[in-house]
Structure formats: structure tokens, C-alpha cells
Amino acid sequence: MNFSQRTRGIVRAIAVAMALALPVMMTVSAADARVGGGGSRGSRTFSAPPSTNTAPGSVAPMNRTFSQPGSPNMGAPAAANSGGLFGRGGMGRGLLGGLAAGFLGAGLFGMLFGGGLFSGLGGLSSMLGLLLQIGLIVLVVRLAMSWWQRRNTPAAAYAGGPDVGPGPQANARSGFGFGLGGGSNAPVEIAPGDYETFERLLGDIQTAWSNEDIAKLHTLATPEMVSYFSKDLEENKARNVTNKVTNVKLLQGDLAEAWREGDSEYATVAMRYSLVDTVLERGTGRQVGGSTQPEEVTEVWTFVRQRGGNWELSAIQQTN
């Protein structure tokens with residue numbers, strides 16, 4: 001085997017490796033096995049909630065929502081966000097998916113047969129062609145991700161009133177404080193009983209999720225959130241696994257903001273809690289993921305109720 005043949009063999013091996021690796025690199029993995037994120041915060045769905053002592057950092061934008069930018073109401077299920085340029089479980093099927101698939105098909109796999117965008121060239125020229133194709137793919141992905149981030153950047157920061165002073169006062173009966181998050185001046189009063197309800201919903205929702213009890217979830221969350229839970233549970237069934245979340249304990253929590261829109265009242269709260277999150281194989285109960293040891297999680301949950309009604313989970317956002 002001469003040098004040119006060895007070089008061509010190496011290039012083809014690289015092409016095979018990249019063909020296998022790139023889909024994995026471009027796949028968007030699920031955030032966590034536990035109850036997933038997404039939802040709606042009324043007219044503030046695309047606005048970042050104020051930071052709090054519990055969640056002093058930034059909050060991730062909604063990764064899936066029925067709301068549309070600029071609309072104060074939750075949309076119908078038919079208007080659900082399909083994941084934008086990238087779907088929740090992998091590469092989107094829109095413009096980026098078509099371009100990437102085209103490059104991969106015409107480029108990397110074409111290298112196996114001596115072709116690609118630079119067909120007719122051999123040896124080092126083929127290697128140069130491969131590198132240029134990879135560079136084009138990376139450029140397209142970076143431009144697409146930049147566009148996606150701009151699209152999901154909160155449209156406007158919450159314009160609250162003056163600071164309410166130092167950190168929240170401790171609540172002896174739960175992990176919640178009674179102060180408002182930084183800069184929040186909410187027109188809706190959140191009473192101690194509401195905080196206890198938020199803590200109870202945290203545990204009840206995790207239990208219903210673990211039991212795959214959709215009927216129970218309908219009594220605890222909005223139809224939009226239940227649709228996401230149902231989809232995630234169906235994906236677990238397709239993978240022949242079940243997710244068990246146990247020993248949920250609220251460690252700290254405080255209110256970021258609370259407001260009224262028509263007859264709907266919203267409350268966004270930051271919660272740091274511990275839990276045991278395991279993934280088990282259906283039928284056998286064999287652990288295939290997660291951990292049997294407690295872990296701590298900080299998330300921002302939004303609850304909604306009709307005036308005089310019961311609180312329901314309306315959204316979950318991860319913290320950065």
C-alpha cells in the first residue's frame with residue numbers, strides 16, 4: 001500500500017468516525033429524568049423572572065410553550081412550539097436539519113466513495129475538502145444556535161418597583177421565605193397558606209409523575225403542563241423505563257414575582273429541593289439511570305389560579 005492509498009484510508013476512517021459522532025454532538029439531550037420543564041407564565045412567558053436569594057443566577061427561557069411572543073394568553077395545543085430550530089430530542093427538521101443532512105450526505109458519506117463536495121480530488125485534496133465541509137457544518141450550526149438564542153432571549157426585563165429590602169424572613173413551617181424577589185413589587189398578595197400549597201404541589205406532582213398518574217396530574221397542573229408530562233411519560237414507555245422520584249424535600253424557597261392578568265393570578269417561586277431520582281427498567285425494576293443518593297435541584301416554578309380557585313402548576317424553568 002503506497003502513501004496515497006494509506007492517506008485515502010485514513011481520510012475514509014475519519015469520515016466514518018465523523019458521520020457517527022456528529023449526530024451525537026448535535027443531539028439535544030433531555031435536561032433531567034425528573035419532571036420536565038416548559039409551560040406558560042401568561043404575558044411574562046418570554047420575560048425572565050427576577051432573581052431571588054434561592055435562585056440568584058439567570059433562569060433558562062422556556063424550552064417549550066404554547067404561548068406566542070407578545071400574546072398575554074396561553075395558546076391552543078395546535079399552536080404549541082415544536083422546539084424551534086432544534087427539537088427537544090434531537091436535530092430539527094427545518095432549514096438546519098435539511099442543510100446538515102445535505103452536507104453529511106453529499107460530504108462525509110460521499111468521501112467513502114471518493115466524492116463529496118470536492119469530488120474528483122484525491123489524497124490531501126480530499127482531506128482538505130472534508131475539513132472545509134466540517135467547517136461549513138460548524139458555521140451553519142453556530143449561526144443557527146445564535147439565531148435560536150436571540151429568539152428565546154427574554155423580550156423585556158420585568159420592570160418592578162423598588163427593592164423590598166433584605167432577604168426573606170424564614171418560615172418555620174416550610175422552606176419558603178415571605179419576602180419578594182429582588183425588584184419585585186407584586187399586586188397579588190401571597191399568604192403563608194399559599195406557600196404551603198406550593199410546597200405540597202412540589203411533592204404531589206413528583207409523586208404523580210413517578211406513578212405515571214395522568215388523572216392526578218390533571219388536578220395539579222394546567223392542561224399544557226399535563227400534555228408535556230404525558231409526552232415525556234410516553235417517551236419513557238418507548239424506552240421501556242420508568243422514572244421514580246422520591247424523598248422530595250423543600251430546602252429553601254422564595255417568591256420572585258406575583259401578578260394578576262384578568263381573572264388569572266400568577267406566582268413565580270424559586271425552589272431549592274432535594275430528591276432521589278432513579279430510572280428503572282420496566283418489569284425487572286433494574287436501575288439503569290439516575291442515582292439512589294439524594295441530590296439538590298434549584299428550579300423556578302410558576303403557579304396559576306383563577307381568582308378564588310386553586311393553584312395549579314403552570315411552568316417549570318431550569319436555573320443556569
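Is Arg 286 buried, exposed or partly exposed?

What is the relative accessible area of Arg 286, and is the residue buried or partly exposed? I looked this up before anything else. Arg 286 has a relative accessible area of 48%, so I noted it as partly exposed. A reminder to myself: this model is predicted.

**Entry: the whole chain**

I counted the parts next. The protein chain has six helices and nine strands. It is 320 residues long, and 42% of them count as buried. I also checked how far apart in sequence the contacting residues are. Among contacts between residues at least 6 apart in sequence, 68% join residues at least 24 apart. The chain exposes about 16100 Å², with carbon and sulfur atoms supplying 57% of that area.

**Entry: salt bridges**

Back to Arg 286. Its side chain meets that of Glu 281 in a salt bridge, 3.5 Å from N to O. Glu 281 is partly exposed too, because its relative accessible area is 22%. Some salt bridges share partners: Asp 194, Arg 260, Glu 265 and Arg 305 are joined into one network that way. The structure holds 11 salt bridges.

Glu 265 forms a salt bridge with Arg 260, and the closest N and O atoms are 2.8 Å apart. How covered is each partner? Glu 265 counts as buried because its relative accessibility is 5%. Arg 260 has 36%, so it counts as partly exposed.

Glu 296 lies in strand 8 (residues 295-306) and Arg 272 in strand 6, so the pair ties together parts that are 24 residues apart in sequence. Glu 296 is exposed, with a relative accessible area of 53%. Arg 272 is partly exposed, at 23%.

**Entry: Val 276**

Is Val 276 buried or exposed? It counts as buried, because its relative accessibility is 8%. Which residues does Val 276 touch, leaving aside neighbours within four places in sequence? Lys 244, Val 245, Thr 246 and Asn 247 are among them, and so are Ser 291, Thr 292, Gln 293 and Pro 294. I also checked Gln 293 by distance: it is 17 residues from Val 276 in sequence, but their C-alpha atoms are 5.9 Å apart in space.

**Entry: helix 6**

Next up was helix 6, which has 16 residues. From its first C-alpha to its last, helix 6 reaches 22 Å, close to the 22 Å expected at 1.5 Å a residue. I listed the buried residues in helix 6: Glu 224, Met 225, Val 226, Tyr 228, Phe 229, Asp 232, Leu 233 and Asn 236. What do the buried residues of helix 6 pack against? I found strand 1 (38-39), helix 4 (192-210), helix 5 (214-218), strand 5 (241-261) and strand 9 (312-318).

Asp 232 got a closer look. It belongs to helix 6, residues 223-238, and it counts as buried because its relative accessibility is 6%. A polar contact of 2.7 Å joins its side chain to that of Arg 64.

**Entry: positive phi**

Helix 6 is followed by Asn 240. Asn 240 lies in the loop between helix 6 and strand 5. Its phi is positive, about 60°, although it is not a glycine. At 38% relative accessibility, Asn 240 counts as partly exposed.

I found Glu 212 in the loop between helix 4 and helix 5. With 21% relative accessibility, it counts as partly exposed.

**Entry: a nonpolar patch**

Last, the surface. Leu 136, Leu 139 and Leu 143 make a nonpolar surface patch of about 280 Å². Leu 139 lies in helix 3, residues 124-152. It counts as partly exposed, because its relative accessibility is 47%.

How values were computed
Residues are numbered from 1 along each chain as its sequence is written. This is a predicted model: local features need pLDDT of at least 70, side-chain atom pairs count only at pLDDT 80 or more; totals for chains, interfaces and linings use all residues. Side-chain values use heavy atoms; hydrogens and water are left out. Buried means under 20% relative accessible area, exposed over 50%, partly exposed in between (1.4 Å probe, protein chains only). Contact means heavy atoms within 4.5 Å. Patches are made of residues with over 30% relative accessible area and no salt bridge: like charges are joined within 9 Å, nonpolar side chains (Val, Leu, Ile, Met, Phe, Trp, Tyr) within 5 Å. Accessible areas come from the Shrake-Rupley method with a 1.4 Å probe; for residues, only the protein chains shown count as cover. A salt bridge is a side-chain nitrogen of Lys or Arg within 4 Å of a carboxyl oxygen of Asp or Glu. Helices (H or I, at least four residues) and strands (E, at least two) are DSSP runs, numbered from the N terminus. A polar contact is a pair of N or O atoms within 3.5 Å; within protein, one must be able to donate a hydrogen and the other to accept it, and residues adjacent in sequence count only if both atoms are side-chain atoms. The expected span of a helix is 1.5 Å times one less than its number of residues.
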